[in-house]
Every structure is written in C-alpha cells, then in structure tokens.
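Please read them with the structure open.

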Amino acid sequence: MANGWRSYDEVAEIYERVHAPRFAEPARDLVALAGIGSGWHVLDLGTGTGVVGEAARAAGAVVVGADPSIGMLQIARRVRPDLPVTGAEALDLPFRAGAFDGVLAGFVLAHCTRPDTALFDVMRVTKPGGTVAVSSWADGRDAFTTTWLELVHGVVPKEILRSALDGAIPNHERFRRSEYLSETLHRSGVRKIRVERMAYEWGYTQADYLDGLKTWATARFVRGMVGEDAWERLLQRARGLFAERFPDPLHDRRTVLLATGIKE
C-alpha cells in the first residue's frame, strides 16, 4: 500500500460504506452522554470520515474534525461537506488552549502509543469545565473474529501478527476494561468520570462483513505482507468458510464503553 499498512487511506471508502452507518449509533450515544448541545464548540478527534462529528453537529454544536489520515478526510469532505476537517495528530493539535467546550474521541485511544501524552494535548485545547468524551471497544473475540484469525494464522505466524498489532493498536486490550479507561482519564485531569457499557447489534451481508474486514489492522498488515495474489486467495477461502459456518446476513453483537468527564 502506498502509505504503509498502518494507514487508513486506502480503505477509507470501505470504512464509510460498511462501518460508518453502524458506528453512527454509538456516536449519537456518546454525544448524548456528553450532554453536547446547541452552541458548543467541539473537536472530534480521530474523526475518520466524520461520523462522530456529524452526530455532534446534529445536536447543534459547532464542530471541527481532526485526523491524520488524508484518505479518511477526503471522504469526510465529500460525504459530510458541512463538517470542517483538518489533518492533525492527537499529540500536536493545531488549536489554541481552551478552544473547545468539548472534545470527542470515538475509538481513538487504543491506537495511541502514549495515550496519556495524547490526552495532555486534548486537555490543553479543552476549556476549564469543558467535557471530554471517549469510546472504546469492550468485547472480546467472537465466532466471526475467531474464524477470520483461523485463516490469517494459516498465512502469518501468530508471533509476527501480534508484534505488528502491538505497534498499530498498542492499547487495544487495555481499553477494553472500564477501570483502565477511567484511570487513564483521571491521570490526565478529567474528573466526574462516568463510564457506560452499551450493547449494539448490527446486521451485515456476508459480503459486506468480509469487505469491512479490509479496514482492520489485521487485514491491512496481512495484505501488505503476503501480496495481492495471496491476499485474494485468503479472501476467497474466507468467503467459503463464512458461507459454510454462518447464516447470511450476519448479526454482529458488539459491546462499547462510553466515558465522559469534566476538565477541572
């Protein structure tokens, strides 16, 4: 891939088509839990194609989205033209101190090598008394993931895959735990923290689900490692195995942690 397997640039179209309609539901819940309303100035950190930012705009907020993936931002500008977006890393946000009444980060912190450092700049751009709200995946491996990894481990050794993923999403496992999420926010200066565990169920055709796998860090790494021919053969085996094991459409059940708090 032109920008490296860690980049979302080349899978942005798939992300918007397959995942964005489903991720809109936890985005709306995060905005509601944060109490965001009319007139708020809000930063959507790690905006991707703008799903969380769109939910905040629907609540009446003035929103800007920030993300390091130019490919994702191009989709955001096309699909959500009323949402201003900019290319930026969490560690170095191009905004003045206290610029925002609220900062939202949907499924972002697990990707940060140093989440405390990232949250330091989040706190800098949040005004005193402002709200910080984040979400993270809380569930473990399910039958669909197990089937996919069964195939992946047939072409990439577990140790190599684990090492790669530890670099791409180093805190994925830690942020499954509500206590770790709360502790991380508290260390950064967030107070009055509230964490909600929410359950969601999404339907996918098998074709869409398998297409959506291409956005996962696992798939991006494997594709870059084995090359296009082997990757296509892997996808073909996945289609056959999913058709053998699961009904179509698939019902994907996910659990999400939604956390909010106040900057003192």
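**Notes on the model**

1. The charged end of R220 sits over the ring of Y8, 4.1 Å from its centre. A charge counts as over a ring if NZ of Lys or CZ of Arg is within 6 Å of the ring centre and within 35 degrees of the ring normal. R254 lies over the face of W137, at 4.2 Å from the ring centre.

2. A word on the basis of these notes. The model is predicted, so local features need pLDDT of at least 70 and side-chain atom pairs count only at pLDDT 80 or more, while totals for chains, interfaces and linings use all residues. Residues are numbered from 1 along each chain as its sequence is written, and side-chain values use heavy atoms, with hydrogens and water left out.

3. W137 also pairs with W202: the ring centres are 6.2 Å apart and the planes stand at 85°, so the pair is edge-to-face. Rings of Phe, Tyr and Trp (its six-membered ring) pair if their centres lie within 6.5 Å; planes under 30 degrees apart count as stacked, over 60 as edge-to-face and the rest as tilted. The pair links distant parts of the chain, with W137 in strand β5 and W202 in strand β6 (residues 190–204), 65 residues apart. Helices (H or I, at least four residues) and strands (E, at least two) are DSSP runs, numbered from the N terminus.

4. Are W137 and W202 buried or exposed? W137 counts as buried at 15% relative accessibility, and W202 counts as buried at 5%. Buried means under 20% relative accessible area, exposed over 50%, and partly exposed in between (1.4 Å probe, protein chains only). Y15, F23, F107, W137, Y200 and W202 form one aromatic cluster. The whole structure holds 18 aromatic pairs.

5. Strand β4 (residues 100–106) has 7 of its 7 residues buried. Strand β1 (residues 41–45) runs parallel to β4 and is joined to it by 4 bridges; L45 stands opposite A105 in β4. Two strands pair if DSSP finds at least two bridges between them.

6. β4 also pairs with strand β5 (residues 126–137), in the parallel sense, over 6 bridges. The bridge partner of L104 in β5 is A133. Between β4 and β5 the chain passes through helix α4 (residues 115–125), and this β-α-β crossover is right-handed: with the strands pointing away from the viewer, the path from the first strand over the helix to the second runs clockwise.

7. The largest nonpolar core has 62 residues, of which L104, W148, L161 and V222 touch the most other members. Helix α1 (residues 12–34) gives the largest share of this core, 12 residues. Apart from this core lies another, of 31 residues, among them A118, F175, L185 and L257. A nonpolar core is a set of buried Ala, Val, Leu, Ile, Met, Phe, Trp, Tyr and Cys residues joined through side-chain atoms within 4.5 Å.

8. Not counting residues up to four places away in sequence, V222 touches V152, V155, V156, L161, W231 and L234. Contact means heavy atoms within 4.5 Å.

9. In helix α2 (residues 51–58), the buried residues are V51, V52, G53, A55 and A56. These buried residues pack against α1, β1, β2 (62–67) and β4. Just after α2, G60 takes a positive phi of about 100°.

10. T145 lies in helix α5 (residues 143–152). T145 is buried, with a relative accessible area of 17%. Leaving aside neighbours within four places in sequence, T145 is in contact with Y209 and W216.
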